[in-house]
Amino acid sequence: MRLEPVTEDNYRAVIGLEVHEEQRAFVATNLKSIADAWIYRPKLQPLALYGAAELVGFTLLERDRPEVLHIVRFMVDRRAQGRGLGRKGLAAIADVARAEGRTELVLSVVPGNAVARGLYAAFGFTDTGEVDGGELVMRHELAPSTPSAHLADQ
């Protein structure tokens, strides 16, 4: 899994990604996320998620505190779900955070989004008890990257 900037070459494809119908209430569209990134630049960074050569998802990252990488948005296209790509995408984001010297990931999730909460918990996120804009805040403490752990995530 690799993360690539959203550019004029891939933004139409990124906008074309979509979640399943029943998931639409849980995540903003990628078009809104790209617009948010433009308005709040350079604090927000929109990134396309690629599995091999295939565009499979999107994330929007925020760097508001030196120790934290905030995952503002994260989605895997409906056609790519169920293949373990969500976990691989989170691992790629964690690698970015570690490379930047950050020690934790933070995100928030709509309370009714059991699938996303399950994915995040399985990856190591824990509920903080905080609520932000009606969403539950989750945090993941990053262990330093080790060569064997990195290979296991690929």
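## The loop between α1 and α2

Arg 24 is found in the loop that runs between α1 (11-16) and α2 (30-39). The model is a predicted one. With a relative accessibility of 41%, Arg 24 is classed as partly exposed, because that class covers values between 20% and 50%. Arg 24 and Ala 37 are separated by 13 residues in sequence, and their C-alpha atoms are 20 Å apart in space.

## Backbone features around β2

Most peptide bonds are trans, and most residues other than glycine have a negative phi. The bond from Arg 41 to Pro 42 is cis, with an omega near 0°. Pro 42 belongs to the loop between α2 and β2 (44-51). Arg 41 also has a side-chain contact: its charged end sits over the ring of Trp 38, at 4.2 Å from the ring centre.

In the loop between β2 and β3 (54-65) lies Ala 52. Its phi is near 60°, a positive value in a residue that is not glycine. Ala 52 has a relative accessible area of 63% and is therefore exposed, since the cut-off for that class is over 50%.

## Helix α3

Helix α3 covers residues 85-99, which makes 15 residues.

The buried residues of α3 are Leu 85, Gly 86, Gly 89, Leu 90, Ala 91, Ala 92, Ile 93, Ala 94 and Ala 97. Just after the helix, Gly 101 has a positive phi of about 80°.

## The largest pocket

Rolling a probe the size of a water molecule over the atoms shows where empty space is left. The largest pocket has a volume of about 710 Å³. It is lined by 32 residues, of which Val 27, Phe 74, Asn 113, Ala 116 and Tyr 120 are the closest to its centre.

Four elements, β4 (68-76), α3, β5 (104-109) and α4 (114-123), each contribute at least two residues to this lining. The most come from β4, which supplies seven. By residue type, the lining of the largest pocket consists of 18 nonpolar, nine polar and five charged residues.

## Aromatic residues

A pair of aromatic rings is described by the distance of the centres and the angle of the planes. Searching the whole structure gives two aromatic pairs. Tyr 120, Phe 123 and Phe 125 make up one aromatic cluster. Tyr 120 is also one of the residues closest to the centre of the largest pocket.

Key: Residues numbered from 1 in each chain as written. Predicted model: local features only at pLDDT ≥ 70, side-chain atom pairs only at ≥ 80, totals over all residues. Heavy atoms only, no water. Expected span 1.5 Å × (residues − 1). Buried < 20%, exposed > 50% of the residue type's maximum accessible area, 1.4 Å probe, protein only. Phe/Tyr/Trp six-rings, centres within 6.5 Å; stacked < 30°, edge-to-face > 60°. Lys NZ or Arg CZ within 6 Å of the ring centre and 35° of its normal. 1 Å grid on protein atoms, 1.4 Å probe; cavity = no way out; pocket = protein on both sides within 12 Å on 5 of 7 lines; lining within 4 Å. Points joined across faces, edges and corners; volume = space filled by probe spheres on them. Nonpolar A, V, L, I, M, F, W, Y, C, P; charged D, E, K, R; others polar.
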